[in-house]
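Reader: Before I set anything up, could you walk me through how the secondary structure packs here? I would like to start with a pair of helices and then move on to the sheets.

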Amino acid sequence: MKTRLTFALLLCSVLLVSIPYSGYTQRSDQRIFTTKGGKILTMEGKSPAYVDAIVVNGGKIIFTGTNNAALQYRTTTTKVYEIPRGETLMPGFIDAHAHAVQYTSTYDAVDLNPLPYGHTNTIDTLLQQLKDSLRKCPDTGTIIMGNGYDDSRLRERRHPTVQELNQVSADRPIFIEHVSGHMGVANSKLLHLLGFDNPDTTVAGGTIVRDANGNPTGLLIENANVGAMIYIAQHLMPKESEQEALEKSLRKLQRAEKEWFAYGITTLCEGRASPAAIQLVQTANKLGRLRGDFIVLPDFDTNKELLKQWKTYYKQYDKHFKIGAVKFTLDGSPQGRSAWLKDPYVNAPLGEKPGFKGHPIYDHMQLYHYLRYVTDTLNMQVHMHCNGDAAIDEGLRLIDTLKPYITKDMINVMVHGQVCREDQVPHIKRTGIMPSWFPTHCYIWGLWHRDTVLGAARANHISPLRQGLDNNLVFTIHTDAPVTPPDLLTAVWSAVHRRTLMDSTVVLGSDQVISAYEALKAITINAAIQWDEQQSKGSIKLHKRADLVLLKGDPLVDDQRHIGVKGVFKDGVLVYDNE
């Protein structure tokens, strides 16, 4: 890329040629970063630590120290960059939990996200966007898809209805996916194709929401939503040859990878992968189409019979691909009011009576046997999606029961843990499970949680990061993209401030804020620990991989939401340039 950053990285001024140490062989990708007013934040230690310069060669950090000592490595082909005042170089961010492959499905859908990442804040706007898409896509055999609508931030504070989607088209199947990914709304045509307009149809682990007369409202929750998405993929997507479909999917995956790079992330995650998603990442890897590292978690339900096959890649990279754990989804979404709670929601969701607490996805004994199969028979670690406190109780109980089968090298993770009670945090520590929290909920859904979903006491304790630190927990934070974009710096800002989007004067749980440094640890060295890669990633240290992000600001001082990413390096190679 012919930009000023790239030019600066190629700039070599007065040459100082020397032999740095015995056995040293310079590769063509050697780089030296020195500080000229800027900073190199190492993320090593309990408090912020800095070095003046680093040298990168062969994809690894081969020197950290002073500017003058680093420049002794320079030859005629070395690329040198002087970090100016106001910029910070630090370890590349590590994706603790998101859905990179699932994110690619949003590229073919109408963007229905509200503020701060979109502009769909009324149902009228939503319907108009779908109508505009309908006019642009005359193929009557394909579906009109929308993605990212959020009833909590629509002015009407409700889901669109089947009748409203029928206004867009009664003849063409339409489906809009909720921002949580746990529910969506279908029009009558799609409900009929699914067989969900039959009053006797039920879905195990899911809900076809019906009105008082037994008619479907269009809203499909959990496994009913999953069933709709599977049907759409199999029957209603554009017809293409196998090779055309593969090439299109590969291009979309590479597009997603670039978005992750643009947010400073060098290690990506697909946190609930179907067999097709795993095959896609594998294929991209074999064809040399990946530049970032992809950690993939097979979804247990759709991969039961394939887990022994995927075990080959467990905890070890094949170039840029590895299997990190097996994913179990124990409940739903708190903002969508499908998470499994101990006490009722403040306001029951559509189709449910007062006193509704959500429900589990699995039967207790069924889940026990599934988890034991993975941990005992396969000797693989698990990630458990647990949003509600009842789901957290269930996950902790089961891990306690399974301790005889859990080996020391297993890093089992509780994903999200949003509605986490105060008494559960010490239990998490005793159990040895590692939490990955999602503090951006405070920012985007804070007032919704407080006023509509949970009430003040529970809402103030979502993502209890301070209590986690007080209990000596090592935790990560994540974005759950596409629930939000893979915007980890906003997640850091949310952990530090816990201010709400709809009223910035409201701090949701001021006793749970943490320092910027602790929040940055959650997306660097702690995330490396979660993936058992702390020996090679997560900090700037001699012999670690040169996964680096150059920021247009100081993430310990500046408003993290608005710090730009200037450049990203994967294994020492520039993969993103935003001069």
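Author: This is a predicted model. Helix 12 and helix 13 cross in a right-handed sense.

Reader: Which residues of helix 12 and helix 13 make the contact?

Author: On helix 12 they are His 364, Leu 367, Tyr 368 and Leu 371, and on helix 13 they are Glu 394, Arg 397, Leu 398 and Thr 401. Sorted by class, that contact of helix 12 with helix 13 consists of four nonpolar, two polar and two charged residues.

Reader: And at what angle do the axes of helix 12 and helix 13 cross?

Author: The axes cross at roughly 50° and come within 11 Å, with helix 13 covering residues 389-401. An angle from 65 to 115 degrees would count as roughly perpendicular and one under 35 degrees as roughly parallel, so helix 12 and helix 13 are oblique to each other.

Reader: Switching to sheets, what is the strand order in the open sheet of five strands?

Author: The order is 18-19-20-21-22, and the pairing is parallel. Strand 18 (326-329) and strand 22 (476-477) are the edge strands, each of them pairing on one side only. Helix 12, residues 364-377, packs on this sheet and touches strand 18 and strand 19, and its direction makes about 170° with that of strand 18.

Reader: How many bridges join strand 18 and strand 19?

Author: There are four bridges, in the parallel sense, with strand 19 spanning residues 382-386.

Reader: What about the open sheet of four strands, what sort of pairing does it have?

Author: That sheet has mixed pairing, in the order 5-4-1-6. Its edge strands are strand 5 (60-65) and strand 6 (79-84), each pairing on one side only, and the twist averages 20° from one strand to the next.

Reader: In which sense do strand 1 and strand 4 pair?

Author: Strand 1 (residues 31-36) and strand 4 (residues 53-57) pair in the antiparallel sense, over four bridges, and the bridge partner of Phe 33 in strand 4 is Ile 54.

How values were computed
Residues are numbered from 1 along each chain as its sequence is written. This is a predicted model: local features need pLDDT of at least 70, side-chain atom pairs count only at pLDDT 80 or more; totals for chains, interfaces and linings use all residues. Side-chain values use heavy atoms; hydrogens and water are left out. Two strands pair if DSSP finds at least two bridges between them. Helices (H or I, at least four residues) and strands (E, at least two) are DSSP runs, numbered from the N terminus. Contact means heavy atoms within 4.5 Å. Axes are lines fitted to C-alpha atoms, for helices over the stretch in contact, and angles run from 0 to 180 degrees between N-to-C directions. Angles under 35 degrees count as roughly parallel, over 145 as roughly antiparallel, 65 to 115 as roughly perpendicular and the rest as oblique. A crossing is left-handed if the near helix is turned anticlockwise from the far one by less than a right angle, and right-handed if clockwise. Ala, Val, Leu, Ile, Met, Phe, Trp, Tyr, Cys and Pro count as nonpolar, Asp, Glu, Lys and Arg as charged, and the others, Gly among them, as polar.
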